[in-house]
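Please keep the sequence and the structure in view while reading.

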Amino acid sequence: MKTLVLLLLTSCASVLMAARPASEIELIKKHVLSEKVEVLIPKGFEVMTEQQMDFAYAHASSRPSVVFTNNNLVSLAFNYSDNDADQDMVEIYESNFAKAYHKQYKQTTFFGEGMKEVGGRKVGYLEFMKPEMGHEVYTLVFFTDVQGKLLICTFNCADRQKPEWEPLAKRIMASLKANG
């Protein structure tokens, strides 16, 4: 019985934490991918363990290099790919990704796509809501070149959390800084 009550309290605390207004969620500066990237990440987010990644990406053809999460309710993934990239290629990647996502995800609601300048660098992005395992998922994908390779960042949260997390996802994207 004590275990059940403890589990219930822990679950309630996780839900309440995930539902906090964006103004109350603190972002802290982190270095990721062996110091290649500096970015703001929500305080309290932890790196997903290998076991969590094995479970979360069991059916995926590939998995990210590192994922930060708050108990799997919201995630921020970084995929440092083997694809060659430079600032001139970021726009080409954006165009190709946009075409591929529109073709692949027919039941997706797109909110925006294009290019932004972040810290003097070109960053491509796609922002959308798509059905996933019986519910809708808000996603902001943003990408740029880092040391000659393509870095793809993906922010995800449940549709009901979009009002709280969308502004933070955009602040995270705006904080992206490639080192080197």
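## The loop between β1 and β2

Glu 35 is found in the loop between β1 and β2, where strands (E, at least two residues) and helices (H or I, at least four residues) are DSSP runs numbered from the N terminus. Although Glu 35 is not a glycine, its phi is positive, at about 70°. Ser 34 has its place in the loop between β1 and β2 as well. Phi of Ser 34 is near 55°, again a positive value in a residue other than glycine. Because its relative accessibility is 67%, Ser 34 counts as exposed; the term exposed means over 50% relative accessible area, buried means under 20%, and partly exposed lies in between, with a 1.4 Å probe and protein chains only.

The model is predicted: local features need pLDDT of at least 70 and side-chain atom pairs count only at pLDDT 80 or more, whereas totals for chains, interfaces and linings use all residues. Residues are numbered from 1 along each chain as its sequence is written, and side-chain values use heavy atoms, with hydrogens and water left out.

Three strands form an open sheet in the order β1-β2-β10, with antiparallel pairing; two strands pair if DSSP finds at least two bridges between them. β1 (27-32) and β10 (177-178) stand at the edges with a single partner strand each, so one side of each has no neighbour in the sheet. The antiparallel strands β1 and β2 are joined by six bridges, and Val 32 stands opposite Val 37 in β2.

Helix α4 packs on this sheet and touches β1, β2 and β10, contact meaning heavy atoms within 4.5 Å. The direction of α4 makes about 165° with that of β2; axes are lines fitted to C-alpha atoms, for helices over the stretch in contact, and angles run from 0 to 180 degrees between N-to-C directions.

## Two hairpins

Strand β6 (residues 109-118) pairs with strand β7 (residues 121-132) in the antiparallel sense over nine bridges. Two residues lie between the strands, and Gly 119 takes a positive phi near 60°.

β7 also pairs with strand β8 (residues 135-146), in the antiparallel sense and over nine bridges. Met 129 stands opposite Tyr 138 in β8. The hairpin of β7 and β8 has two residues between the strands, and Met 133 takes a positive phi near 50°.

## Aromatic pairs

Rings of Phe, Tyr and Trp (its six-membered ring) pair if their centres lie within 6.5 Å; planes under 30 degrees apart count as stacked, over 60 as edge-to-face and the rest as tilted. By this rule there are 11 aromatic pairs. The ring centres of Phe 45 and Trp 165 are 5.7 Å apart and the planes are at 45°, so this pair is tilted. The pair links distant parts of the chain, 120 residues apart: Phe 45 is in the loop between β2 (37-42) and β3 (46-47), and Trp 165 is in helix α4 (residues 162-175). Both residues, Phe 45 and Trp 165, are buried.

The rings of Phe 68 and Phe 78 form an edge-to-face pair, because their centres are 6.1 Å apart and their planes are at 90°. Phe 68 and Phe 78 are each buried. Ring pairs also link Phe 45, Phe 111, Tyr 138, Phe 155 and Trp 165 into a cluster.
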